[in-house]
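Here are my notes on the model, point by point. Please keep the structure open while you read.

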Amino acid sequence: MSARDLHGPGAPWGPHEPGSKANVDFKVVGRAHAKVDGLAKATGAAVYADDIVLPGMLHAKTLRSPHAHAKIRRIDVSKARALKGVHAVITGDAMPMKYGVIPWTPDENALAVDKVRFIGDPVAAVAAIDEDTANAALKLIEVEYELLHAFFDPHESLVRAEPAIHEGRKEGNISKSVQLEFGAVETALAGADVVVEDDYFFHGSTHAPIEPHCAVATYSPEGVLTLWSATQITHYVHRALARVLELPAHRIRVIQPCLGGAFGGKSDPFSLEFCVAKLAMLTGRAVKMLWTREEVFYAHRGRHPMYLHYRSGATKDGKLTGVDAKILIDGGSYSSFGLVTTYYSGQLLTGPYHFPTYRFDSTRVFTNKPPCGPKRGHGSVQPRFAFEVQLDQLAEKLALDPIEIRRRNFQGDFTRTVNGQRVTSNGFLQCLDEVERASGWKARRGKLGPGRGLGVAGSMYISGTNYPVYPNDMPQAGVQLKVDRSGLVTVFTGGNDIGQGSNSMCAYIVAEELGIPLERIRVVAADTDLCPVDLGAYSSRVTFMVGNATIDACRKLREKLVAAVAEKWQCAPSRVRLIEGLVIDLDDTSRSLTSVEAFHLAETKFDTLGSTGSYNTPKLGGDYRGGTIGASPAYSFTAHVVDASVDTETGRITVHDVWIAHDCGRALNPMIVAGQMEGSAYMGLAEALYEEHDVNRFGLHRGPSLLDYRLPTSLDTPEFRALIVESIDPEGPYGAKEAGEGPLHPCLPALSNAIYDAVGIRLKHLPFTPAKVLAALRAKQESAPLAAQGGKR
Amino acid sequence: MLRLPKFELCTPTTVAEAVALLAESPDAMIVAGGTDLVPNMKHELFTPSRVVSLAQVRELRGICRNADGSLAIGAMTSLAEVAASELVRAQAPALAQACSLVAGPQLRTMGTLGGNVLLDTRCQWYNQTYFWREALGFCMKKDGEVCHVVKGGKNCVAAASNDSAPPLMTLGATLEFASPRGRRAIAIDDFWVADGIFNKKVERDEVLVSIQVPKAPAGHRGAYGKLRDRGSIDFPLLGVAVRLDLDAQGAVEHADVVVTALAAQPKRITKLDAILRGQRPGTPEFEAAVAEAAALAHKQCKPLPNIPGDADYRRDMVPVYVKRTLLAASRGEGPVHHV
């Protein structure tokens, strides 16, 4: 029985065939609608965390470590405490309990205890009457450090255990190491007609959401702590607060206000959330902390730098025989999601192509840099880059068209990957067809003139995972509906709308299922006092899981409405249809009620009207340690074609067009899906060409500002052409899968492949700066006469 | 958000008043558009107790042609206005082009030509927050002793990063200052010193009033080339201003190239006039002379890793941008910019 069958009564429009593109007769789904919060955001009425101002509110600031690796010998906060206007000063001993978003690796403190691990590590926090007073107090805190050797090169961390960045670990400075092999890779590679072996490097990059992190806390006389925070995972913040503050969870309420972007950078519990909570408890006043842009760069949790070595073998006709990967991951100073990252770096590569055999050996190490974590396409963008470039190298050796080699290795739908993951719908071939057609691949490739070329790449990504970060069998998503006598339906969801439109998605589903206009639906989200638990906005899980939970709740409510109306009309329930604010009798169209009348009938017949719904993943994953990490109820698939040219004098790359074909199952709102596809491709190109998150020789961030961290502007952004492919997944809500992260992946390798097509250089080390391109062009020119001689020999 | 340190803000309406307010307070500073000073104050690079705003001083705004045909550009004229001015575009195309490429549209609307001329030098070890600089142990330009650009370096090599300076140098512009001592004028060529800490010959109590641009000959051509990472916002990684004056027969009568963003002061490429003089644009001889000029510029420029980005790459780009900007000027085109 599939998860979808667990929903209440069937949809009024009857079952649809998997793979069927028919829009049945949806009234809301599949059409472009405004986001429920679109006007509020556009007019400035939306309330973000920093907009919250409470009576008597104090402002808090953080003192940070100026050293990359040091023991704290002594902290003296007495002068800061004595400053007029300062209400409280706290240091690590105020909250000694360690935490971590992954419960197996709690290695963070709200404020440093005994030692600091990177420049920017939080050491103390001050609450004062205003920001200037808090900043002045920070300068009065005296900290005595004992400097330790600092690690900036992950290769050093791999072999050198002392000084340990985290003490008491038997693995030294290794954060996590995973070796998994599926089938006999060596034998498969030995039997291959062609093998390509190469090294690739993926640099660090960060999320750079427009809104910096901000949190506000109050502590009531009854002992209830309320925290408003710019988080994308309310539930984990709730749990982490209970742990670190040593408060029972029922005395904590966490609310996510309107959020100004996250992209994975607001997934961890952060120092400021604990600090404002603790400071509110100590002072009895509301406390706010807003990080500066610089502090956001230090908090980071962005893309892990990875050193990737791949070996892939194929037969003469281009069929892969085996893939062997060895990956070194620079984790920065804390574990964060690193356990998952390490698994993802290997586990998520096994589609859309069939790997007969596969092996990966991934090791994440600690370094004294801002901690890495999940950024859009967590853990899988880096290996995808390396492998898709390597696949192009294979195609070249075999004289195969790069699209053709991808087609030949297609794994198929409703299949199982080599590492035991279940794949349901799979529209990858259609994605390839679409980008091939739309880009004019056959007619234009090789005919674009000197310096310009086309490149292709593919990818897959999860729509949520069946691995909840803390083990439990409860639903992963819950939704509650409340019906008002006015006709208003309120949706309560723990899901976090981080701009991806998940609140709107809930409203669309309720409108569709209950046949009521969108304006009669309000969504209350991400408030732990009001909303059922949802695990939050990460791993591209919200549309799939919260969407299914919303359908579940709607169908239960609909059953009551239909029953009440059928009783009044003395007809079979199957004749009752909820549509466009009305309830109609399908067999006698002269007979109808308004939805409001139907709500009143149902409330009269049953009870106060509402319903709950939930979703949990079916049992998934390979039967081995880590086999559930990366196991998703459905996978999205993407193909990109990039059209790019190179100025051979300056080394500068210009991207002209990106065609993005993405199998999102079904586009519940094609406008938002297209926006996610374009935004993903933008972010991918930004990483490929401009952005670099790194430290200098002192361990200082190279440029923690939006001037020095080069986010591409509109002038630097090419045309994006979103081509939506709908494979109608049997388990997704109306067949939907994710669209927010998958479409980023192929952008970087497709660009590298386009550059090879354009000028014959293989860019394997990100980012593709003009300096690197120029160096590669010169190296090619210098080796050209030699290669010609070699050819003659 | 970073906090702006506290200061007294004065808003005089005349130059005389501004000069007096400046003279009263030994650490007062001038703010024009604020696009350079405000972030620098947030970084605690400057902590003046008094800031004298020139925003209300009407006489400092506007562009006019003097009787002798030269241009007088008020120091408070916005970069956007200079870039769009028909007068400037006709008589000083390189200046209009350079101003059109400073930062982004919002900053050009606020930022002024005077402010850009007087822009503080920039360095990756300097243009950072107080926290960052403190963690570094500071640098000799502010609060510290050493230079981190060149190990053991005794001079500050922060880079002149004002796009407007090179074209003004090729145009032979003059800067007019007011102070308690009266007015003085100085040729912009003589204005710079090779010290990244403070690369300008201006006293603390002087107010830049106007920039005078002499009338160019009829055959004047000019262009500006700018290397930067993005198509907007960024300071130059390299700036190249070109002047080509053509005689009645269309041959080069005078050529001048000034580059910036490499060292503490803008740099004139020397011996270049001799290479290009007498050549007629569009001929193979001219193109060969341009290539020779580009190679000469490459020889004369050795940037250090002062501003972000690869210093070797910036050097590699000197001949490319000199060549492209010379060609653009010769055709009456430009600016040379990647977008």
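1. pLDDT is the predictor's confidence in each residue, from 0 to 100. Two residues are in contact if their C-beta atoms, placed from the backbone, lie within 7 Å. Both terms matter for the end of chain A. Over residues 789–793 of chain A, pLDDT stays under 50, and the model has 0 contacts beyond four places in sequence for them. Residues 1–23 of chain A also stay under 50. For residues 1–23, however, the model has 37 contacts beyond four places in sequence.

2. Now the overall scores. This is a predicted model, with ipTM 0.97 and pTM 0.96. Chain A averages a pLDDT of 95, and 96% of its residues score at least 70. For chain B the mean pLDDT is 97, with 100% of the residues at 70 or more.

3. Next, the contact between the chains. Chain B puts in 23 residues and chain A puts in 26. On the chain B side, α8 (130–136) and α12 (311–330) each supply at least two residues. α8(B) gives the most, with 5 residues. The chain B side divides into 12 nonpolar, 5 polar and 6 charged residues.

4. Domains of chain A. The assignment gives domain 1 (3–31 + 474–502 + 528–536 + 545–615), domain 2 (49–148 + 213–290) and domain 3 (306–467 + 622–786). The C-alpha centres of domain 2 and domain 3 of chain A are 37 Å apart. In their contact, 18 residues of domain 2 of chain A meet 19 residues of domain 3 of chain A. The domain 2 side of that contact splits into 7 nonpolar, 7 polar and 4 charged residues.

5. Domains of chain B. Here there are domain 1 (1–57), domain 2 (58–119 + 159–213), domain 3 (123–156) and domain 4 (222–330). Between the C-alpha centres of domain 2 and domain 4 of chain B the distance is 21 Å. Their contact takes 25 residues from domain 2 of chain B and 26 residues from domain 4 of chain B. On the domain 2 side, α5 (93–100) and α9 (165–170) of chain B each supply at least two residues. α9(B) gives the most to that side, with 5 residues. The domain 2 side holds 16 nonpolar, 7 polar and 2 charged residues.

6. The core. In soluble globular proteins, nonpolar side chains tend to be buried together. The largest nonpolar core in this model has 353 residues. A:Val126, A:Val276 and B:Ala293 have the most contacts inside it. Helix α15 (residues 542–569) of chain A provides the largest share of this core, 13 residues. Beyond four places in sequence, the contacts of A:Val126 include A:Ala60, A:Lys61, A:Ala80 and A:Val86. A:Val89, A:Ala134, A:Ala137 and A:Leu138 are also among them.

7. Helix α18 (residues 747–759) of chain A. The helix has 13 residues and reaches 18 Å from its first C-alpha to its last, close to the 18 Å expected. α18(A) is mostly covered, with 12 of its 13 residues buried. Among the buried residues are A:Pro749, A:Asn753 and A:Asp757. Just after α18(A), A:Gly760 takes a positive phi of about 75 degrees.

8. Two cis peptide bonds deserve a look. One runs from A:Leu766 to A:Pro767, with omega near -10 degrees. A:Pro767 lies in the loop between α18 and α19 (770–792) of chain A. Another runs from A:Gly351 to A:Pro352, with omega near -5 degrees. A:Pro352 sits in the loop between α9 (338–347) and β15 (358–365) of chain A.

9. Positive phi outside glycine. A:Asp114 has a phi of about 70 degrees and lies in the loop between β3 (86–91) and β4 (115–116) of chain A. A:Asp114 is exposed, because 12 other C-beta atoms lie within 10 Å and the cut-off for exposed is 12 or fewer. A:Ser539 has a phi of about 55 degrees and lies in the loop between β21 (521–525) and α15 of chain A. A:Ser539 counts as buried because it has 28 C-beta neighbours inside 10 Å.

10. Is B:Phe286 buried or exposed? B:Phe286 lies in helix α11 (residues 284–300) of chain B. With 20 C-beta neighbours inside 10 Å, B:Phe286 counts as buried, since the threshold is 20 or more. Beyond four places in sequence, B:Phe286 touches B:Gln279, B:Arg280, B:Pro281 and B:Ser330. B:Ile275 is 11 residues from B:Phe286 in sequence and 9.3 Å away, C-alpha to C-alpha.

Technical notes:
Residues numbered from 1 in each chain as written. Chains lettered and ligands numbered in written order. Predicted model: local features only at pLDDT ≥ 70, side-chain atom pairs only at ≥ 80, totals over all residues. Helix = DSSP H or I, 4+ residues; strand = E, 2+ residues; numbered from the N terminus. Expected span 1.5 Å × (residues − 1). Domains from an automatic or database assignment. Nonpolar A, V, L, I, M, F, W, Y, C, P; charged D, E, K, R; others polar. Core = buried A, V, L, I, M, F, W, Y, C linked by C-beta atoms within 7 Å.
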